[in-house]
Amino acid sequence: MQPGPGKPRVFSGIQPSGGLHLGNYLGALRNWVRDQDKYDNIFCIVDLHTITVPQDPAALRENTLSLAAIYLASGIKTEQAMFVQSHIPAHPELAWILECFIPMGWLERMTQFKEKSGRERERSSAGLFAYPALMAADILLYDTRYVPVGEDQRQHIELTRDVAQRLNQRFGEVFVLPEAMIQAAGARIMGLDDPEKKMSKSLAGDNPGHAIFLLDPPDVIRKKIARAQTDAQPAVQFPAGTGVRNLLEIYRTITDQDWPAVEREFAAKPYSVLKSAVADAVVEALTPIQERYREIRADDAGLMRQLRGTADRLRPIANTTLQRVQHAVGLR
Ligand code: TYM
């Protein structure tokens, strides 16, 4: 399949698993906002992915609305297509078909599954194992060209391409092949408490100092950054250790600067200077988002109407692709 005319289609999504962190923002959402006018975008709230690990139902409902409000508060324009994955049944329907063409071995190699299932592999859900098939369905349903994500999703997009190619080879051109769009800056933000580990929602559960959340009040942000792990050096040196490097990466991403510029700014400065500059930059970026978030949340009914309306508009597009695949494999 060739992509259609017009602006290239972008598809991406985030799980409504509670509190978006700075890694999600710098690795994904901020780039969606910056580039939104260049593409024909679809931004998804992937609630079906979220239930692959246990969720409290009321919290999931709240987190879904909260994430939609965060998309808008971060600067996604209201005319962009933003919807909830479970509102379009073609997603799990296509995922099932894809699962039947994805060898177990491909799924077993997924690092996200290995990390998330951990030592509980036997007890983790079949949904967690099949997770990448649903993600492939999300992307392929809309003839997506580009998928803007952080570095940790690269492997899932490779799998998406592999299964798409497999069906294309076997049944003729059914799918457009998507590409990951991963930025040089901010694609892998590390934990503040442990810069060897990627910043993630699950690690923040055990240690609140691990991640900065988009809705953290300024004093909490400042405290977390002040306590971020550095090393025993008295001041910033290059090459910097992992903790200092992570703070510099946050700073250069949020202030749109390259490495030489931040090296010049911070070389030989005490860590306290670096940390307060990072804290100021993060607070400055997040404060307006938090203000808009509160305004948007004042009208949850309107927000839900928007999400449902967009799903109504997208459903025929998704169904057209689903029917093409169903026909190709002999289901219709
Ligand atoms: P999720 O919800 O875990 O993360 C959302 C986005 O944030 C990025 N990200 C990071 N970027 C930089 N540093 C970090 N520490 C960091 N942690 C997370 C992720 O790369 C992602 O872009 N499987 C996806 C959701 C998904 C999806 C899709 C994405 C479902 N269907 C279709 C794109 C297209 C996920 O769990 O993201």
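**Notes on the ligand site and fold**

1. Strand 1 (9-14), helix 1 (22-35) and helix 7 (126-140) each contribute at least two residues to the shell around the ligand. Helices (H or I, at least four residues) and strands (E, at least two) are DSSP runs, numbered from the N terminus.

2. This is a predicted model, in which local features need pLDDT of at least 70 and side-chain atom pairs count only at pLDDT 80 or more, while totals for chains, interfaces and linings use all residues. Residues are numbered from 1 along each chain as its sequence is written, and side-chain values use heavy atoms, with hydrogens and water left out.

3. Around the ligand there are 27 residues, of which Tyr131, Asp138, Gly150, Asp152 and Ile189 come nearest; a residue is near if one of its heavy atoms lies within 4 Å. By class the shell has 12 nonpolar, 11 polar and 4 charged residues, with Gly counted as polar and Tyr as nonpolar.

4. Ligand oxygen atoms lie 2.5 Å from a side-chain N or O atom of tyrosine 131, 2.9 Å from one of glutamine 15 and 3.1 Å from one of asparagine 24. The protein buries 97% of the 710 Å² that the ligand exposes when taken alone (Shrake-Rupley method, 1.4 Å probe).

5. The secondary structure of the protein comes to 14 helices and 5 strands. Its radius of gyration, over C-alpha atoms, is 21 Å, close to the 20 Å from the globule rule for 332 residues, so the protein is as compact as a globular protein of that length. The rule is 2.2 Å times the number of residues to the power 0.38.

Conventions:
Polar contact = N/O pair within 3.5 Å; in protein donor to acceptor, adjacent residues only side chain to side chain.
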